[in-house]
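Student: I would like to learn how to read a protein model. Can you take me through one?
Tutor: Gladly; here it is.

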Amino acid sequence: MNRIHGKRIIVLGGAGFLGSHLCERLLADGASEVVSVDNFITGDARNLVEPRKDGRFVSLHHDITEPFAFEGPVDFVFNMASPASPIDYAQLPIETLRVGSIGTENGLRLAQNKGAVFLQASTSEIYGDPLVHPQREEYWGNVNPIGPRSCYDEAKRYGEAIVAAYRRAHEVRTRIVRIFNTYGPRMRLNDGRVVPAFVGQALRGEDFTVFGDGSQTRSFCYVSDLIDGIVRLAVSDVEEPVNIGNPREMTILQFAEAVRAAMGGGSRITFQPLPKDDPKQRQPDITRARQLLGWEPRVALEDGLRETIAYFRRLTEHSDPPRTSNTRVDAGPVV
Ligand code: NAD
Ligand code: UDP
């Protein structure tokens with residue numbers, strides 16, 4: 001029997017792209033109850049259509065920067081709550097800093113009170129524009145503390161710091177996953193991240209908007225691989241941060257070619273200015289995940305892109321899919 005079976009689990013940010021996939025995986029692994037706490041600031045109730053069909057799932061509408069508490073036992077708290085795309089956190093800088101700081105501490109307090117494991121969704125952004133390549137967990141990063149990405153990067157760095165402090169001061173059992181660029185169904189077509197941007201452009205017959213000269217690199221991980229890494233980390237006893245991502249690195253120009261190939265041709269490229277502080281290179285060193293969690297990615301980019309394109313194609317064909325009748329969104333604060 002796996003170590004999720006029979007457990008009561010809180011997912012902060014459960015209505016988002018990654019959070020909703022995590023909720024589904026935890027239900028599939030036999031959790032006794034999965035509670036999503038989300039204020040829907042960048043999430044979407046439609047992401048929860050499948051979990052809501054399951055009687056073990058509860059969706060609560062609540063801003064985690066406001067206090068919250070639960071009756072009864074809690075075994076795991078997963079903190080996925082934060083705007084995550086550069087466009088989102090540029091529009092929501094204060095909300096991003098507050099959820100990464102106050103929201104994370106509220107989640108840690110819950111875990112402390114319940115004796116639960118707390119898993120923090122951190123990010124490759126804590127490495128900033130990295131001077132070490134590929135990025136190993138030992139690297140401390142190169143972050144502009146006042147630049148346009150700082151509301152996100154520094155919130156996530158503070159998040160790791162307060163997680164480490166609660167572990168040291170209160171002996172909370174904590175886990176930190178540093179997530180590298182992850183893609184898949186349920187990203188928002190207009191969230192500005194490069195995967196939905198290029199796929200959306202290809203579906204609409206528009207040109208790919210490549211920022212800068214397209215020589216900057218990223219490494220794209222499919223969502224099911226990422227979620228598997230997160231669950232393995234949660235049930236492990238690994239307290240150090242762990243990179244989870246796909247080490248297959250490519251330039252953004254090469255990525256545009258991959259989307260074009262997956263679509264069977266189409267879009268040309270137009271170049272647009274590179275956003276300030278856009279990291280020049282990013283590739284996870286996943287030695288730690290391999291050795292400590294026995295994890296490595298399995299889904300090839302070509303396969304993941306096919307699934308993602310099919311999802312976005314369905315979305316654009318049925319632009320407003322109906323909500324299910326058993327939608328259950330309770331008003332906060334949570335008790
Ligand atoms: P997302 O925007 O789809 O999901 C974030 C969720 O958090 C949304 O449902 C949003 O409504 C919720 N949220 C935000 N502020 C909240 C608040 N104050 N109270 C309650 N809920 C709140 O983003 P995502 O891509 O699913 O990212 C999930 C997590 O993973 C984030 O913490 C992000 O920083 C991290 N991450 C994601 C990636 C990636 O490639 N997707 C990479 C690195 C890190
Ligand atoms: N990017 C791009 N065109 C777009 C959107 C993004 O060239 O329409 C680039 C962006 O400048 C960055 C890379 O793609 O170098 C990944 O961007 P994304 O926002 O997906 O993630 P992040 O920068 O946080 O890694």
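Student: Which residues are buried in H5?
Tutor: Start with the ground rules. This is a predicted model, where local features need pLDDT of at least 70, side-chain atom pairs count only at pLDDT 80 or more, and totals for chains, interfaces and linings use all residues. Residues are numbered from 1 along each chain as its sequence is written, chains are lettered from A and ligands numbered from 1 in the order in which they are written, and side-chain values use heavy atoms, with hydrogens and water left out. Buried means under 20% relative accessible area, exposed over 50%, and partly exposed in between (1.4 Å probe, protein chains only). Helices (H or I, at least four residues) and strands (E, at least two) are DSSP runs, numbered from the N terminus. In H5, the buried residues are Val194, Val195, Pro196, Ala197, Phe198, Val199, Gly200, Gln201 and Ala202. That makes 9 of the 11 residues in H5, which spans 194-204.

Student: What covers the buried residues of H5?
Tutor: Look for contacts, meaning heavy atoms within 4.5 Å. The cover includes strands E7 (182-183) and E8 (208-211), plus helices H7 and H9.

Student: Which residues have the most contacts inside the largest nonpolar core?
Tutor: In soluble globular proteins, nonpolar side chains tend to be buried together. A nonpolar core is a set of buried Ala, Val, Leu, Ile, Met, Phe, Trp, Tyr and Cys residues joined through side-chain atoms within 4.5 Å. Here the largest has 64 residues, and Phe78, Phe198 and Phe255 have the most contacts inside it. Helix H6 (residues 223-234) gives the largest share, 7 residues. Another core, of 23 residues, lies apart; Val35, Val37, Val163 and Val172 are among them.

Student: Why is H6 described as largely enclosed?
Tutor: Count its buried residues. They number 10 of 12, so the rest of the structure largely encloses H6.

Student: At what angle do H1 and H6 pack?
Tutor: Two packed helices are described by the angle between their axes and the distance between the axes. Axes are lines fitted to C-alpha atoms, for helices over the stretch in contact, and angles run from 0 to 180 degrees between N-to-C directions. Helix H1 (residues 17-28) packs on H6 at about 65°, with the axes 10 Å apart. On the H1 side, Phe17, Leu18, His21, Leu22, Arg25 and Leu26 make the contact; H6 brings Val223, Leu226, Ile227, Asp228, Ile230 and Val231.

Student: Which residues of H7 meet H9?
Tutor: They are Phe255, Ala258, Val259, Ala262 and Met263, facing Leu301, Leu305, Ile309 and Arg313 in H9. The axes of H7 (residues 252-263) and H9 (residues 301-317) come within 10 Å and cross at roughly 65°.

Student: Is phenylalanine 118 buried or exposed?
Tutor: Buried, with a relative accessible area of 0%. Phenylalanine 118 sits in strand E5 (residues 117-123). Arginine 175 is 57 residues away in sequence, but 6.2 Å away in space, C-alpha to C-alpha.

Student: Which peptide bond is cis, with omega near -10°?
Tutor: Most residues other than glycine have a negative phi, and most peptide bonds are trans. The bond from histidine 133 to proline 134 is cis. Proline 134 is in the loop between E5 and helix H4 (150-170). Now check phi. Phenylalanine 40 has a positive value, near 60°, and counts as buried at 18% relative accessibility. Aspartate 277 also has a positive phi, about 65°, but is partly exposed at 29%.
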